[in-house]
Amino acid sequence: MNTDVVIIGGGPVGCFLALLLDDMGVSNVVIERDEHPYTLPRAIVMDDEIQRAAHDHGLGAWLQSNTSRLERGDFLAPDGTVAIGADIPPMGLQGVPPVVVHYQPDLDTMLRAECVARGTDARWGRTVTGLVDHGSHCVTTLDTGETLESRWVVGCDGASSWTRRHIGLTLEDLRFDQQWLVVDIELHEGSTVDLPVGVRQYCRTERPCTYVQGVRRFRRWEFQVQPHEDADALNTDDGLWGLLAEWVKPSDARLVRSAVYRFHAVVAPQMQHGNVFLAGDSAHQTPPFAGQGLNSGMRDAANLAWKMSYVVRGLATPALLDTYTPEREPHVRSTVAHAVDMGRLIDQLAGRVSHGVDIESGYGGTRPAPHLVAGMVSGDDPRVGHQFWFVPEVSAAVRRDGASFAVVTAAPVDLPAELSALGAVNVVAAQAVGDSYAVVVRPDRYVAAVAGSAAELAAVSAALGALV
């Protein structure tokens with residue numbers, strides 16, 4: 001066999017997956033049609049879960065030098081008052097800022113270099129022309145005629161995914177479709193223009209729009225295109241500066257890029273077919289209002305990486321990978337649904353249409369965060385399925401041997417056989433378990449189970465062990 005994993009698509013999701021696999025001892029080949037990274041910004045936001053994964057895999061120095069934290073998010077009513085919003089604290093539960101912004105071309109360049117440096121066999125400028133899943137292995141054919149044999153294939157090849165179409169998986173339409181014009185600028189050095197802090201949704205009756213304070217001097221606006229308008233006419237220098245005139249003028253900044261998008265919401269009900277998996281935009285696409293498009297794809301990568309590592313290392317059977325869709329599909333469906341409701345809330349607050357969306361779906365609202373509801377989780381404790389908060393000893397434990405389970409307890413305990421077979425390590429951190437007996441944390445930092453006693457730990461361990 002040539003490699004453990006063939007990754008089709010070397011954008012940020014594919015390269016992040018490759019980097020994680022490298023760190024976890026799983027060989028991989030990335031096939032990417034573009035010789036060089038895309039040079040214009042697209043994704044702009046990174047949440048604390050992905051930051052924590054990046055820090056845990058040696059990317060902390062890059063993040064500190066190339067990101068800046070968002071300080072606030074709000075929705076403004078048509079009269080300019082704040083309908084809902086919140087200041088964002090400087091530090092979150094993951095020991096990093098809750099939200100930071102970045103410049104995607106820099107992120108893409110770094111991820112390409114890092115995965116190659118860690119052992120990825122990268123085929124830049126190549127495309128896939130054939131893929132056959134033989135059950136025991138996959139054979140991928142490149143445009144050069146070369147064939148690669150692997151255990152698995154992961155399609156990270158974007159919204160128009162060749163992989164998804166080739167294996168016959170489909171996307172479910174979640175019924176959100178709006179046309180928006182996205183404009184990125186870079187303020188001139190020394191510019192003193194006064195702009196909002198953070199992210200702001202202008203819920204205006206005549207034209208809703210979004211503002212995002214990017215990293216360094218980059219700024220972004222997204223303007224909803226109205227039904228009677230010609231998007232191509234708006235997307236000209238005169239049209240763009242006309243839209244931006246309220247905030248900036250040509251003497252303040254340069255245009256970096258502009259593009260007309262259909263903001264829509266789709267999710268693949270099945271993200272796996274045999275030994276072939278979908279990740280990132282090939283499996284789901286979301287409106288950008290929650291900033292979760294790239295973050296969701298990176299969650300896919302983190303979920304797959306540790307499970308593939310466990311199979312390669314002989315700690316689990318391939319059945320573990322069957323938990324991928326049950327875990328990721330409901331999570332990403334909930335994430336996309338929240339973004340859709342944010343988009344609807346913008347129109348609703350603008351007085352354009354009533355969707356019956358709870359205002360708590362806005363920034364700073366009380367809408368519950370998505371979490372794992374099935375798969376390799378056990379029990380009904382409210383912490384189950386959520387990310388475990390940052391504890392340095394747990395971060396060290398889950399990185400042990402590339403990927404490991406951590407059983408967090410107030411005092412040393414004997415681990416049940418099922419957890420020992422998973423290579424779990426006992427972490428003593430009394431402050432992290434509260435009044436519980438033990439918290440079982442997966443390699444991707446999600447809480448797999450919480451036990452109130454040794455007997456309960458044995459029971460949840462048996463339940464988890466049955467999945468591998």
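Student: At what angle do the axes of helix α1 and helix α4 cross?
Tutor: Helices here are DSSP runs of H or I with at least four residues, strands are runs of E with at least two, and both are numbered from the N terminus. Axes are lines fitted to C-alpha atoms, for helices over the stretch in contact, and angles run from 0 to 180 degrees between N-to-C directions. The axes of α1 (residues 12-23) and α4 (residues 104-117) come within 9 Å, and they cross at roughly 35°.

Tutor: Before we go on, this is a predicted model, where local features need pLDDT of at least 70, side-chain atom pairs count only at pLDDT 80 or more, and totals for chains, interfaces and linings use all residues. Residues are numbered from 1 along each chain as its sequence is written, and side-chain values use heavy atoms, leaving out hydrogens and water.

Student: Which residues of α4 do the α1 residues meet?
Tutor: Contact means heavy atoms within 4.5 Å. On the α1 side we have Pro12, Cys15, Phe16, Ala18, Leu19 and Asp22. Their partners in α4 are Gln104, Asp108, Leu111, Arg112, Glu114 and Cys115.

Student: Why do the buried residues of α13 line one face of the helix?
Tutor: Buried means under 20% relative accessible area, exposed over 50%, and partly exposed in between, with a 1.4 Å probe and protein chains only. In α13, Leu457, Val460, Ser461 and Leu464 are buried. An α-helix has 3.6 residues a turn, so residues three or four places apart point the same way. Looking down the α13 axis, with directions taken from the axis to the C-beta atoms, the buried residues line one face because they fall within an arc of 105°.

Student: Is Arg328 buried or exposed?
Tutor: Arg328 sits in helix α9 (residues 324-349). Leaving out residues up to four places away in sequence, Arg328 touches Met271, Ser296, Arg299, Asp300 and Asn303. Its relative accessibility is 2%, so Arg328 counts as buried.

Student: How far apart are the C-alpha atoms of Pro78 and Gly351?
Tutor: Pro78 lies in the loop between β5 (72-76) and β6 (82-87), and at 45% relative accessibility it counts as partly exposed. Pro78 and Gly351 are 273 residues apart along the chain, yet their C-alpha atoms are separated by 8.2 Å.
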